[in-house]
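Here's a quick tour of a protein structure for you to follow on screen. Have a look at the model first, then work through the notes below.

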Amino acid sequence: MTSANVGIIGGTGALDLFDAYESTALTTPFGPPSARPVRIDLDGRAAWFLARHGRPHRIPPHRVNYRANLHALRTLGCTRVIAVSAVGAVDPALDNGALVAVDQLIDYTWGRAHTFSDGGSAPLRHVEFEKPYDGAVRRALIEAASESSVPLVTEGCYGATQGPRLETAAEIARLARDGCTVVGMTGMPEAGLAREIGMDYANLCVVANAAAGVADTPISEEEIHRVLASAMERVRRLLVAAVARID
Ligand code: HPA
């Protein structure tokens with residue numbers, strides 16, 4: 001099996017995408033990651049998988065140690081990251097279960113440890129972030145989708161909210177005015193930290209529900225989990241095909 005330079009960060013509903021055949025206990029200068037990274041096999045290609053909210057799923061979005069998670073994957077040799085993230089659809093054209101490889105983001109989170117340039121001995125860096133997901137990993141997802149006939153929306157703007165509560169209708173209307181097409185609670189600081197630490201990062205978003213006020217029906221957590229579970233086979237197929245294309 002090839003060595004693993006790809007890390008997959010699995011969010012809500014994406015805990016058991018692949019069978020693990022080895023796990024590693026490690027810590028970082030920022031503390032331990034959310035869970036032990038596990039080695040997975042994607043049709044002969046090794047990767048590392050990290051459960052963003054811990055295993056079992058228990059760490060809320062504002063308490064995820066994003067710095068430790070990315071640092072741990074980097075230490076294991078990952079220079080490429082695919083995040084799998086549950087989102088709400090701000091754009092009413094996005095159906096439940098749709099997959100979106102977002103190309104932009106707006107950060108509405110606050111109070112999170114959001115940078116590695118945090119004083120101390122590390123040099124102060126102002127990383128360039130014009131195109132937060134612009135790299136070979138997102139391109140691999142897009143090529144893999146067309147090759148494996150998995151429908152994928154290839155553009156979108158991710159609005160990162162604080163959570164863990166869902167948003168008000170007015171908050172979602174504001175996100176729509178700002179240009180967001182999907183909303184989630186974990187996309188930042190994850191993407192910014194990946195850029196700071198030199199990892200090529202893409203966010204594969206899975207639409208779990210219409211965001212607040214976008215549809216007539218109220219959002220139900222049960223329904224979110226049902227939608228995510230039914231999307232995971234497509235996510236798995238897309239990840240296998242994408243990872244095979246990543247150098
Ligand atoms: N809002 C924020 N995060 C989410 C949602 C939502 O509606 N659905 C899944 N993650």
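Is R245 buried, exposed or partly exposed? With 34% relative accessibility, R245 counts as partly exposed. Buried means under 20% relative accessible area, exposed means over 50%, and partly exposed is anything in between, using a 1.4 Å probe and protein chains only.

Keep in mind that this is a predicted model, where local features need pLDDT of at least 70, side-chain atom pairs count only at pLDDT 80 or more, and totals for chains, interfaces and linings use all residues. Residues are numbered from 1 along each chain as its sequence is written, and side-chain values use heavy atoms, with hydrogens and water left out.

**Salt bridges**

- A salt bridge here is a side-chain nitrogen of Lys or Arg within 4 Å of a carboxyl oxygen of Asp or Glu. Count them by this rule and you get ten salt bridges.
- R245 pairs up with E143, with their closest N and O atoms 3.0 Å apart. R245 sits in helix α5 (residues 221-245) and E143 in helix α2 (residues 136-147), so this pair ties together parts that are 102 residues apart in sequence. Helices are DSSP runs of H or I with at least four residues, strands are runs of E with at least two, and both are numbered from the N terminus.
- E143 is partly exposed, at 38% relative accessibility.
- E223 is partly exposed at 33% relative accessibility.
- R236 and E233 make another salt bridge, with their closest N and O atoms 2.4 Å apart. R236 and E233 are also three residues apart in helix α5, about one helical turn.
- Why does that spacing work? An α-helix has 3.6 residues a turn, so residues three or four places apart point the same way.
- R236 is partly exposed with a relative accessible area of 25%, and E233 is partly exposed with 44%. Salt bridges with shared partners also link E143, E147 and R245 into one network.

**Helix α1**

- Helix α1 (residues 66-75) is mostly covered, with seven of its ten residues buried. Those buried residues are Y66, R67, A68, N69, L70, A72 and L73.
- What do the buried residues of α1 pack against? Their partners are β1 (6-10), β4 (45-51), β5 (80-89) and α4 (187-196), where contact means heavy atoms within 4.5 Å.
- Just after α1, you'll find G77 with a positive phi of about 100°.

- Q104 is part of strand β7 (residues 104-107) and is partly exposed, with a relative accessible area of 28%.
- Q104 and E130 are 26 residues apart in sequence, and their C-alpha atoms are 8.6 Å apart in space. The side chain of Q104 reaches the backbone oxygen of E130 at 2.9 Å.
- H53 lies in the loop between β4 and α1 and is buried, at 5% relative accessibility. Beyond residues up to four places away in sequence, H53 touches several others, including G11, R58 and T186.

**The ligand**

- Around the ligand you'll see A86, V87, G88, L166, E167, V183, G184, M185 and N209, each with a heavy atom within 4 Å of it.
- A ligand nitrogen is 2.8 Å from an N or O atom in the side chain of E167. A ligand nitrogen is also 2.6 Å from an N or O atom in the side chain of N209.
- Taken alone the ligand exposes 260 Å², and the protein buries 93% of that, with areas from the Shrake-Rupley method and a 1.4 Å probe, where for residues only the protein chains shown count as cover.

**Nonpolar cores**

- A nonpolar core is a set of buried Ala, Val, Leu, Ile, Met, Phe, Trp, Tyr and Cys residues joined through side-chain atoms within 4.5 Å. The largest one has 72 residues, and I8 and L239 touch the most other members. Helix α5 gives the most to this core, with eleven residues.
- Leaving out residues up to four places away in sequence, the contacts of I8 include F18, W48, L239 and V243.
- A separate core has nine residues, among them V90, C157, A211 and A212.

How values were computed
Polar contact = N/O pair within 3.5 Å; in protein donor to acceptor, adjacent residues only side chain to side chain.
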